[in-house]
Amino acid sequence: MRRLTLRLGEAQAGRTVHTLLRQELLLSAASVRRAKTLPDGILLDGQPVFTNQTGRAGQLLSVAVGDVAGSEQIPPVPGPLTIRYEDEDLVVVEKEGGVPVHPSQGHHGDTLANFLLAHYRDQGLVAAFHPVNRLDRGTSGLMAVAKHAHAHERLQHQLRTGELARTYLAVCQGVPVPRRGCVDQPIGRLPGSVLKRQVCPQGAQARTHYAVERTGAGRSLVALRLETGRTHQIRVHMAFLGCPLAGDFLYGTELEALPQRFALHSAALRLRQPVTGEEIALSSPLPAALSALLIAK
């Protein structure tokens with residue numbers, strides 16, 4: 001069980017445990033409620049304590065934030081897993097294109113969730129699956145996953161405020177005009193479809209910054225930065241510009257060269273460790289199969 005601790009100083013003396021948990025350890029109200037339901041969930045100098053109790057300088061406050069159970073609906077199944085960063089609160093994996101993130105119809109044991117839960121089991125770690133920046137099945141690259149609900153809440157906050165920065169690389173059909181800009185167009189569900197989205201006035205706000213890095217073979221390599229995280233945002237916005245992602249079966253044309261995927265890669269993540277605040281920055285090069293799309297045959 002992951003625990004966070006705080007040695008009380010003079011500045012914290014006289015404040016309630018609830019206030020210390022919320023303001024010093026940055027627990028959400030939901031995390032505090034979860035801890036209160038656990039045996040030894042909240043301790044002061046090793047003794048269970050009510051959250052309305054006040055502390056003294058020198059005392060040690062401790063709170064349990066780890067998961068008490070795994071994801072019961074997702075079986076752990078060993079599989080290929082590339083881990084780029086891991087600590088007690090967070091793991092960043094490099095997902096292959098074509099690998100689903102969650103189990104679904106026809107994919108019950110071959111997903112990133114299955115593989116990661118098997119990794120947790122092998123470590124003796126009890127943790128549910130808490131994805132932070134979700135990737136479509138056809139997208140490859142860096143993806144952050146929290147190891148407990150408190151870390152997930154902190155990272156989701158970074159995602160909402162933009163402190164968790166995501167950069168993608170896409171190979172698009174054609175070249176966007178202008179070659180650099182921001183697509184600020186709302187996205188909503190396409191009527192009659194459970195999957196497809198479209199630009200529509202009634203949709204949710206969506207902003208995608210893009211810049212063409214190079215061109216070749218009638219295509220362009222585009223770097224993209226998201227301000228929002230709508231479903232299929234990059235795919236919809238690039239199709240809106242008339243330059244759908246290469247191999248995108250839903251918004252463009254499928255390619256034999258990209259079986260079970262399209263040309264989108266999560267190339268960089270920058271975030272703060274959800275407990276310590278330390279900056280973590282990772283990058284991933286464009287896969288060879290996507291680079292080859294820019295070379296004329």
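A residue is called buried when its relative accessible area is under 20%. In this predicted model, helix α5, residues 233-240, is mostly covered by that criterion. Of its 8 residues, 6 are buried. The buried positions are Q233, I234, R235, V236, H237 and M238. G242 follows α5 and has a positive phi, near 85°.

The relative accessibility of N114 is 0%, so N114 counts as buried. The side chain of N114 also makes a polar contact: it reaches the backbone oxygen of P75 at 2.7 Å. Leaving aside residues up to four places away in sequence, N114 touches I74, P75, P76 and V77, together with P103, H108 and G109.

At the level of the chain, the secondary structure comprises 6 helices and 16 strands. The C-alpha trace spans about 70 × 40 × 35 Å along its principal axes. Of the 297 residues, 48% are buried. Among contacts between residues at least 6 apart in sequence, 65% join residues at least 24 apart.

The accessible surface of the chain amounts to about 14300 Å². Carbon and sulfur atoms account for 51% of that surface. The chain carries 33 positive and 25 negative charges.

How values were computed: Residues are numbered from 1 along each chain as its sequence is written. This is a predicted model: local features need pLDDT of at least 70, side-chain atom pairs count only at pLDDT 80 or more; totals for chains, interfaces and linings use all residues. Side-chain values use heavy atoms; hydrogens and water are left out. Buried means under 20% relative accessible area, exposed over 50%, partly exposed in between (1.4 Å probe, protein chains only). A polar contact is a pair of N or O atoms within 3.5 Å; within protein, one must be able to donate a hydrogen and the other to accept it, and residues adjacent in sequence count only if both atoms are side-chain atoms. Contact means heavy atoms within 4.5 Å. Helices (H or I, at least four residues) and strands (E, at least two) are DSSP runs, numbered from the N terminus. Accessible areas come from the Shrake-Rupley method with a 1.4 Å probe; for residues, only the protein chains shown count as cover. Lys and Arg count as positive and Asp and Glu as negative; His and the chain ends are not counted. The place of a charge is taken as NZ of Lys, CZ of Arg, CG of Asp or CD of Glu.
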